[in-house]
Every structure is written in C-alpha cells, then in structure tokens.
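Thanks for asking me to look this one over.

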Amino acid sequence: MSISPPTRRTVSVLAFDGMTPFELSCVVEIFGIPRPELDVPWYDLTVCAETPADLRIIGGFTMRAEHGLDVVAEADTVIVPGVPDVRDAMSPDLLAALRTAHSRGARIVSICSGAFALAAAGLLDGRRATTHWKYAELLQRRFPRVLVDPDVLYVDGDDVLTSAGSAAGLDLLVHLVRKDHGPTVANSVARRLVIPPHREGGQAQFIQAAVTPVEDDDAVATAMAWALDHLAEPITVAELARVAHMSQRTFIRHFGRQTGTSPLRWVISQRVAASLPLLESTAAPVEEIAVAVGFDSPVTFRHHFTRTMRTSPSAYRRAFRASA
C-alpha cells in the first residue's frame with residue numbers, strides 16, 4: 001500500500017432512484033463531514049445523479065442531488081453504491097461518465113452491487129473483483145470476463161476497488177482513507193464511527209453464519225483483548241483457547257464465526273497493524289520493530305507486512321514520511 005501526497009481530493013458518489021440510503025450515508029459520513037481535528041486536507045464530496053429530479057429512496061422518502069454526471073466524470077474518486085436492480089441494464093450516460101473518469105485517472109470504487117455498474121462499463125474486465133455473496137454468481141454469469149471472488153470483504157485493484165455487502169463498504173472506505181492519509185488518520189476516523197480500524201480485504205464474508213451466543217462472544221473478545229496485550233510474546237491457539245476457557249476446536253469455531261478469519265491470521269494482522277505507528281513515528285530498525293510486535297524474525301515480519309500492506313516496511317516508512 002502506498003500513501004499518496006496529502007492534497008484535498010474530490011469524491012463523487014452516485015445516487016439512484018430506488019436506492020437504499022445506507023451505503024450513500026456511509027460515504028457522506030466518511031468523506032463529507034469536515035474533520036479539522038485531523039489536520040490534513042480533507043475531501044470535497046459531491047452527491048451526483050443522472051437527473052435533477054427527486055429520487056425515491058427505500059424507506060419512504062425522497063432526495064435530490066445537486067450535481068450531475070459531468071461532476072462524476074471530473075472527480076478524483078468516484079463511488080458507486082448498490083444499484084437498485086442488478087438485472088437491469090445500466091444507463092449509457094452513467095457508463096460513459098465512469099469510463100471518462102477512469103480514463104482521466106480517477107479511482108473508481110463500488111460498494112455491494114455497485115460492481116454491476118463497473119462491470120457494465122468494462123472497468124472490471126480481466127480484473128479480480130467482489131460483490132455481495134448473494135450476487136456473485138449473477139455477476140459472473142452476466143460479465144464472464146470479470147474474475148469474481150465471492151469470499152472477501154473487498155478487493156483493492158489500485159485504480160478500481162470493489163467491496164462486498166453494504167457494511168463491507170465501510171471497511172473499504174476506511175481503507176481508502178488509510179491509503180490517502182495513513183493509518184493514524186484512518187484509525188481516528190474509525191474510532192469516530194466505532195468500527196474496527198482495519199479489516200483485511202481478504203477476510204471472509206459472513207455467509208449465512210449462525211449468531212454466536214453472547215457468552216461465546218464475550219469469551220472470544222476476552223481472548224482477543226489478551227492477545228493485544230501480549231503481541232510481543234509467542235501466542236498460540238492453545239493459549240488463546242485457555243484464556244477463553246474453551247477447547248481449541250470450540251475456540252477456533254467460535255472465533256471464525258465471529259471474525260471471519262482464523263485466530264493466527266488475526267494475530268498476524270494485529271501485529272502488522274501494531275508495527276505501523278512504530279514505522280511512522282520512530283527511527284527504530286525494522287529488525288527491532290519486528291521483535292517488538294511479536295514476529296520471530298525480520299524475514300517473517302517483512303513477508304506478512306508485504307502480504308497485508310502490499311509494500312515493504314521500509315517502503316511504507318519512506319512513503320509515509322514523504323506524505324507527512
């Protein structure tokens with residue numbers, strides 16, 4: 001992951017007649033609210049639609065967007081929330097605006113079924129992409145040139161990014177802030193939203209999983225809190241299960257049901273996350289940071305860091321300091 005220079009970016013989000021408000025509201029919450037306390041150039045958000053007429057929103061109300069597709073074509077980042085009907089043909093004007101924005105170098109983002117608009121515009125041809133798991137088969141059938149991955153929260157293709165179901169859009173939007181401004185700013189935004197500061201895009205979607213009983217949630221949460229306090233130490237599944245007062249088998253099952261990932265993969269992601277502020281704010285060698293966050297060797301640290309962040313620890317440090 002590279003961090004771009006800190007400039008004020010224009011973000012346009014599309015509104016549709018017949019849409020649900022949640023995904024649009026997520027975009028407005030993250031990119032539309034001024035955040036002077038973060039002391040970085042924030043985003044200039046516009047809500048756009050094909051028509052200046054009132055748009056019917058599910059839930060029994062209407063809204064009107066102030067901007068049209070011409071603004072979409074000129075934005076730095078274009079976000080397409082879930083489309084009202086995944087089986088409908090997309091408007092030629094909308095597809096043209098998406099292609100124009102992409103050809104100008106804009107970052108094109110979809111949430112949930114918004115991937116159908118990106119696919120119809122040809123922006124996902126030959127690319128790995130995701131959408132809500134219940135639409136994945138249809139997306140693949142309608143657009144066979146798209147490499148549909150139904151098992152992840154989001155896919156970062158750099159200039160084209162797609163997310164799974166509605167709430168996974170929050171993970172992707174915070175990921176965009178992290179790419180633009182670094183983890184410290186992204187974590188501050190996540191705390192304001194009371195959501196996890198970072199979930200890996202490769203984390204599994206929650207597909208028809210049973211609800212975990214409250215007492216098991218508490219036990220898993222206790223083990224996770226313990227792990228965060230002991231990241232620099234060796235952590236095994238057996239130790240986590242002991243803290244949760246479960247057998248290993250039961251703990252792994254409940255942990256996966258609650259988080260969508262395995263205990264050890266989660267620990268690795270937390271260790272990588274813990275290394276970020278050390279890379280940003282200290283001059284400590286990478287070897288020391290690897291030990292401080294619990295990796296058994298610098299080689300292992302670099303491997304997992306690169307796999308998670310898509311850049312090396314040293315390159316991340318240089319990019320962050322350059323952007324700062």
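1. **Ground rules.** This is a predicted model, in which local features need pLDDT of at least 70 and side-chain atom pairs count only at pLDDT 80 or more, while totals for chains, interfaces and linings use all residues. Residues are numbered from 1 along each chain as its sequence is written, and side-chain values use heavy atoms, with hydrogens and water left out.

2. **Overall make-up.** The protein chain has 14 helices and 10 strands; these are DSSP runs numbered from the N terminus, with helices being H or I of at least four residues and strands E of at least two. Of the 324 residues, 51% are buried (buried is under 20% relative accessible area, exposed over 50%, partly exposed in between, with a 1.4 Å probe and protein chains only). If you take the contacts between residues at least 6 apart in sequence, 66% of them join residues at least 24 apart (contact means heavy atoms within 4.5 Å).

3. **The sheet.** Six strands make an open sheet with mixed pairing, in the order β2-β1-β5-β6-β10-β9 (two strands pair if DSSP finds at least two bridges between them). The edges are β2 (44–48) and β9 (154–156), each with a single partner strand, so one side of each has no neighbour in the sheet. From one strand to the next, the twist averages 15 degrees (axes are lines fitted to C-alpha atoms, for helices over the stretch in contact, and angles run from 0 to 180 degrees between N-to-C directions).

4. **Faces of β5.** In a regular strand the side chains alternate between the two faces of the sheet. In β5, T77 and I79 point one way while V78 and V80 point the other way, and all are buried.

5. Salt bridges number 13 in the structure (a side-chain nitrogen of Lys or Arg within 4 Å of a carboxyl oxygen of Asp or Glu). D180 and R9 form one of them, at 3.7 Å from N to O. D180 lies in helix α6 and R9 in the segment before β1, so the pair ties together parts 171 residues apart in sequence. Both D180 and R9 are buried. D180 also meets R107, at 2.9 Å from N to O, and this pair links helix α6 to strand β6 across 73 residues. R107 is buried too.

6. **A pair between loops.** D125 forms a salt bridge with R145, with the closest N and O atoms 3.6 Å apart. D125 sits in the loop between α4 (115–120) and β7 (128–129) and R145 in the loop between α5 (136–142) and β8 (147–148), so parts 20 residues apart in sequence are tied together. D125 is partly exposed at 31% relative accessible area, whereas R145 is exposed at 58%.

7. **An arginine to look at.** R271 is buried yet has no salt bridge, and the nearest side chain of opposite charge, D296, is 7.8 Å away (Lys and Arg count as positive and Asp and Glu as negative; His and the chain ends are not counted). A polar atom of the R271 side chain does lie 2.7 Å from the backbone oxygen of E233.

8. **Two positive phi values.** D39, in the loop between α1 (21–32) and β2, has a phi near 60 degrees, positive in a residue other than glycine. D39 is exposed, with a relative accessible area of 70%. D158, in the loop between β9 and β10, has a positive phi near 75 degrees and is exposed at 53%.

Definitions and conventions:
Polar contact = N/O pair within 3.5 Å; in protein donor to acceptor, adjacent residues only side chain to side chain.
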